[in-house]
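Dear colleague,

Please find below the sequence and structure that I am handing over to you. I would be grateful if you could read the notes alongside the coordinates.

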Amino acid sequence: MSSPADDALIAAAREAARNSYSPYSHFAVGAALRFAGGSTVTGTNVENASYGLALCAETVAVGKAMADGIRGGLEAVAVTGPGDEVITPCGRCRQVLNELAQLGGTDPDILCVGASEVRRMKLSELLPHAFGPANLE
Ligand code: THU
């Protein structure tokens, strides 16, 4: 079941993927973060001629949000890939998302979006027993 807010988040992720800079993988990814109060921050993957330096869509979105001063309230994340299949955030992105989520004490829904399927998971399911900022207190 998806709500109108989730549908809007998925549309924002798909729209963000249109700006993907992925000339090497040709794998355009879009991500959209929804915060308490309803604001949205999007990201897309940004590759580099030095292939290993690619930035994932989710990481770019978290970087944009944190650069705008956001430090919590992360309620939901939508991630889209270019194919029909659902894609889930890579391991590094799970950890990057966890930083922002833990700062605000939330466990966001992660909407992994395919052509005709939305798989919904909690970040804590994707990254159980996470190491985060609380561990350094
Ligand atoms: N990618 C993402 O943007 N997010 C993920 O969670 C998985 C992978 C990007 C990185 C690279 O630009 C392309 O997808 C192929 O791996």
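The notes below cover the ligand site and then the salt bridges.

Please bear in mind that this is a predicted model.

Ligand site. The ligand sits in the largest pocket. The residues around the ligand are Ser-25, Phe-27, Val-29, Asn-45, Glu-47, Cys-56, Ala-57, Glu-58, Thr-88, Pro-89 and Cys-90. Sorted by class, this shell comprises six nonpolar, three polar and two charged residues.

Glu-47 places a polar side-chain atom 2.5 Å from an oxygen atom of the ligand. For Glu-58, an N or O atom of the side chain is 2.7 Å from a ligand oxygen atom. Ala-57 instead contributes a backbone N or O atom, which lies 2.9 Å from an oxygen atom of the ligand. The ligand taken alone exposes 370 Å², of which the protein buries 78%.

Salt bridges. The count comes to seven salt bridges. One of them joins the side chains of Asp-6 and Arg-34, with an N to O distance of 3.1 Å. This pair links distant parts of the chain, 28 residues apart: Asp-6 belongs to helix H1 (residues 4-17) and Arg-34 to strand E1 (residues 30-35).

With kind regards

How values were computed. Residues numbered from 1 in each chain as written. Predicted model: local features only at pLDDT ≥ 70, side-chain atom pairs only at ≥ 80, totals over all residues. Heavy atoms only, no water. Near = heavy atom within 4 Å. Polar contact = N/O pair within 3.5 Å; in protein donor to acceptor, adjacent residues only side chain to side chain. Areas by Shrake-Rupley, 256 points an atom, 1.4 Å probe, with all protein chains shown as cover. 1 Å grid on protein atoms, 1.4 Å probe; cavity = no way out; pocket = protein on both sides within 12 Å on 5 of 7 lines; lining within 4 Å. Sits in = over half its atoms within 2 Å of the grid points. Nonpolar A, V, L, I, M, F, W, Y, C, P; charged D, E, K, R; others polar. Salt bridge = Lys/Arg side-chain N within 4 Å of Asp/Glu carboxyl O. Helix = DSSP H or I, 4+ residues; strand = E, 2+ residues; numbered from the N terminus.
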